[in-house]
Structures are given as structure tokens and as C-alpha cells.
Amino acid sequence: MVMYLTQEQQQAVDALLRQYKFCRYDEIVTQLREAGMTVSRSSLHRYAVELKKNDARRIVSPGATIVVLIDCLTGETKTTSVSISSEQILAAIQQPIAS
């Protein structure tokens, strides 16, 4: 069952589901098995349905700016949407930090 995988493993499952556009479950199950994860096709499908719903909820409103933060040490990314322009974001992050 996908929910019992580690966070890193769930992220791998999410990436494969999105890569294959929530199709080709047999190929995904095979790739997961080759990576040492045992996930049934039916549990993958149930998980995919929920992930797709959650992805649909994350659709950004018109006029929003998407901000992607990348931690250069870990490679971890965080994505968010904000209601200010990219110019305003750049101006805010390029200001010197007071010490």
C-alpha cells in the first residue's frame, strides 16, 4: 500500500504517476518493484485517484505567480503561488539582509 511507504518512496511514486500522466499502472508497478517497493496495481490506482484530485486542487488562480524554492544543499524543492508580481518577489529577495 502506497501510504505505508516512506516519504521519499511516496515522492518517487508521485513522480512516476505524473510522468505517465496517471496511466500505465502496470509499468509503474514494475518500475517500483525494480526499485524495491511492493505496491499492488489496485492500491496504486486508488492512490493515483487521490493524488490526481489533490493536484487538481492546486491549480493556480489567474494572475498568480508561482514561486519555486530550491535548497541547493539537499535538492529539496518547495512550490507555492503568491498574488504578487515576479518583479516584487525579486525586489524583496534582492534586498540586503540587515545584520
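**Notebook: hairpin, helix packing and core**

I began with the strands: β1 (residues 65-70) and β2 (residues 77-82) pair in the antiparallel sense over six bridges. I took two strands as paired if DSSP finds at least two bridges between them. Strands (E, at least two residues) and helices (H or I, at least four) are DSSP runs, numbered from the N terminus.

The model is predicted, so I kept to its limits: local features need pLDDT of at least 70, side-chain atom pairs count only at pLDDT 80 or more, and totals for chains, interfaces and linings use all residues. Residues are numbered from 1 along each chain as its sequence is written, and side-chain values use heavy atoms, with hydrogens and water left out.

Back to the hairpin. Leu 69 stands opposite Lys 78 in β2. Six residues lie between the strands of this hairpin, and Gly 75 has a positive phi near 80°.

Next I looked up the largest nonpolar core, which has 17 residues. Such a core is a set of buried Ala, Val, Leu, Ile, Met, Phe, Trp, Tyr and Cys residues joined through side-chain atoms within 4.5 Å. Buried is under 20% relative accessible area, exposed over 50% and partly exposed in between (1.4 Å probe, protein chains only). Val 13, Leu 17, Ile 28, Leu 32 and Leu 44 touch the most other members. At least two core residues come from each of α1 (7-19), α2 (25-34) and α3 (41-57).

I then followed Leu 32. Leaving out residues up to four places away in sequence, Leu 32 touches Val 13, Leu 16, Met 37, Val 39 and Leu 44; contact means heavy atoms within 4.5 Å.

Which angle do the axes of α2 and α3 make? They cross at roughly 110° and come within 10 Å. Axes are lines fitted to C-alpha atoms, for helices over the stretch in contact, with angles from 0 to 180 degrees between N-to-C directions. The two helices are therefore roughly perpendicular, a term for 65 to 115 degrees. Tyr 25, Asp 26, Ile 28, Val 29 and Leu 32 of α2 meet Arg 41, Leu 44, His 45 and Ala 48 of α3.

For α1 and α3, I found axes that come within 11 Å and cross at roughly 80°, which makes this pair roughly perpendicular. From α1 the contact takes Gln 10, Val 13, Asp 14, Leu 17 and Arg 18; from α3, Leu 44, Tyr 47, Ala 48, Leu 51 and Asp 55.

Last, I checked Val 49 in helix α3. Val 49 is partly exposed, at 31% relative accessible area. Its C-alpha atom is 8.3 Å from that of Phe 22, 27 residues apart along the chain.

Methods
Angles under 35 degrees count as roughly parallel, over 145 as roughly antiparallel, 65 to 115 as roughly perpendicular and the rest as oblique.
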